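Thank you all for making the time this morning.

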Amino acid sequence: MARTLSPQSVVTSFVRWIRLKNYQYEVTFALYMLTPTEKLIFTAYIYLPDHVAAIYGRIRYYLAGDTSLISEYIPTASSILKSSGTSSLGVVYETARGSPTTAVKTIAEL
């Protein structure tokens, strides 16, 4: 006999799969030891400047039709970390951004 899946069991299975992937991600990158507030601060510190710059660029494009001056007014997180003297922040940033090659180069410079 063929077994049919109810929509509720499909949703439950999908939610369980998402939770498993989230758990694997947190264990792999040692994020499970951070509190939710620390995770939020870390995420905002790494990704928020780039998102703000992208939103600003879109607003400027729609209002003025020009995107050439965006980097002069709002620097991205990568440009801030590259220009700062703190290379350990660069390691964290590049590792979080998924660029292991740059992170290894930065570690070698330490």
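Before I turn to the first helix, let me say how its length is judged: the expected span of a helix is 1.5 Å times one less than its number of residues. Please also keep in mind throughout that what you see is a predicted model.

With that in hand, H1 has 22 residues, and the distance from its first C-alpha to its last is 32 Å, close to the 32 Å expected at 1.5 Å a residue. Just after H1, Ala30 takes a positive phi of about 60°.

Stepping back to the chain as a whole, we find six helices and zero strands, so that, reading from the N terminus, the elements run α-α-α-α-α-α. Of the 110 residues in the chain, 15% are buried, and the accessible surface comes to about 8800 Å², with 65% of that belonging to carbon and sulfur atoms. If we consider contacts between residues at least 6 apart in sequence, 33% of them join residues at least 24 apart.

Let me return to H1, which covers residues 7-28 and includes Glu26. Is Glu26 buried or exposed? Its relative accessible area is 17%, and because the cut-off for buried is under 20%, Glu26 counts as buried. Leaving aside its neighbours within four places in sequence, Glu26 is in contact with Leu31, Tyr32 and Lys39.

Elsewhere on the surface there is a nonpolar patch, formed by Val11, Phe14, Val15, Trp17 and Ile18, which together have about 480 Å² of accessible area. Trp17, which is also found in helix H1, is partly exposed, with a relative accessible area of 45%.

That brings me to the aromatic rings, for which a search of the whole structure finds three pairs. In one of them, the rings of Phe14 and Trp17 have their centres 6.1 Å apart and their planes at 25°, so this pair is stacked. Phe14 and Trp17 are separated by about one helical turn, because they lie three residues apart in helix H1. By contrast, the rings of Tyr61 and Tyr62 have their planes at 65°, with centres 5.8 Å apart, and the pair is therefore edge-to-face. As for accessibility, Tyr61 counts as partly exposed at 47%, whereas Tyr62, at 67%, counts as exposed.

I will stop there, and I am happy to go back to any of these residues on the screen.

How values were computed. Residues are numbered from 1 along each chain as its sequence is written. This is a predicted model: local features need pLDDT of at least 70, side-chain atom pairs count only at pLDDT 80 or more; totals for chains, interfaces and linings use all residues. Side-chain values use heavy atoms; hydrogens and water are left out. Helices (H or I, at least four residues) and strands (E, at least two) are DSSP runs, numbered from the N terminus. Buried means under 20% relative accessible area, exposed over 50%, partly exposed in between (1.4 Å probe, protein chains only). Contact means heavy atoms within 4.5 Å. Patches are made of residues with over 30% relative accessible area and no salt bridge: like charges are joined within 9 Å, nonpolar side chains (Val, Leu, Ile, Met, Phe, Trp, Tyr) within 5 Å. Accessible areas come from the Shrake-Rupley method with a 1.4 Å probe; for residues, only the protein chains shown count as cover. A salt bridge is a side-chain nitrogen of Lys or Arg within 4 Å of a carboxyl oxygen of Asp or Glu. Rings of Phe, Tyr and Trp (its six-membered ring) pair if their centres lie within 6.5 Å; planes under 30 degrees apart count as stacked, over 60 as edge-to-face and the rest as tilted.
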